[in-house]
Amino acid sequence: MMLLSSPPADRHSLWEDALGLAVGCVIMALSVQFLRAEGLITGQIAGLSLVGSYVSGWSFGAVFFVLNLPFYLLALKQMGLRFTLKSFAAVTIMSSVADALPSVLTLETLHPAIAATLFGVLGGIGLIVLFRHGATLGGVGVVALWLQDTRGIRAGNVQLAFDLGVFALAAFLFDWKTVLWSLLGAVILNVMITVNHRRDRYIARS
């Protein structure tokens, strides 16, 4: 029995992409608040940005925005102008929302396990939304999506491999409990991406 009179469009509309970027960025910004609440970190450029903000005193958003700048050249060359512009917009929105949230949202009495788990779940959802609307939060996400689309290597696996390097560095800067709880969040996030972001299961394009 046919439930649709005609097959759905295989491309997102402009407004669908705009809504997807906004929702994905807000979810990602919220996920970062759970890390901040317990002084945890994560992998990829977001993890380096958190480490940089803890050490330098700069805001997370400012460090995150600056560290992503070199990756736009790679995105432009390998993924095209449309992808690069949407990724730039996503990084800008996420950085702004992440810096604004602490003034209106305070998280207290969180166990590190809960903070890490909620970060992983929310972060995974947020990145999947962005990926499916043709954008990333820059950095390793650009490389991960490019390798998945051209080499068939799962994006989540690429990100997890990079994350292990970030956590190896973090082991010299933070206590082992902080590193282990943070690693839990990163593993959850990347497993969600590996399982749920697959071109053979989701065909809509932006």
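1. Is F88 buried, exposed or partly exposed? F88 has a relative accessible area of 37%, so it is partly exposed (buried means under 20% relative accessible area, exposed over 50%, and partly exposed in between, with a 1.4 Å probe and protein chains only).

2. The model is predicted, so local features need pLDDT of at least 70 and side-chain atom pairs count only at pLDDT 80 or more, while totals for chains, interfaces and linings use all residues. Residues are numbered from 1 along each chain as its sequence is written, and side-chain values use heavy atoms, with hydrogens and water left out.

3. A search of the whole structure finds 3 aromatic pairs (rings of Phe, Tyr and Trp, the last by its six-membered ring, pair if their centres lie within 6.5 Å; planes under 30 degrees apart count as stacked, over 60 as edge-to-face and the rest as tilted). The rings of F65 and F88 have centres 5.8 Å apart and planes at 65°, so this pair is edge-to-face. F65, at 26% relative accessibility, counts as partly exposed.

4. Y72 and F88 also form an edge-to-face pair, at 5.3 Å centre to centre and with 65° between the planes. Y72 counts as buried, at 10% relative accessibility.

5. Helix α6 (residues 112–132) and helix α9 (residues 176–196) pack at an angle of about 30°, with their axes 8 Å apart (helices are DSSP runs of H or I with at least four residues, numbered from the N terminus). α6 and α9 are therefore roughly parallel to each other (angles under 35 degrees count as such).

Conventions: Axes are lines fitted to C-alpha atoms, for helices over the stretch in contact, and angles run from 0 to 180 degrees between N-to-C directions. Helices (H or I, at least four residues) and strands (E, at least two) are DSSP runs, numbered from the N terminus. Angles under 35 degrees count as roughly parallel, over 145 as roughly antiparallel, 65 to 115 as roughly perpendicular and the rest as oblique.
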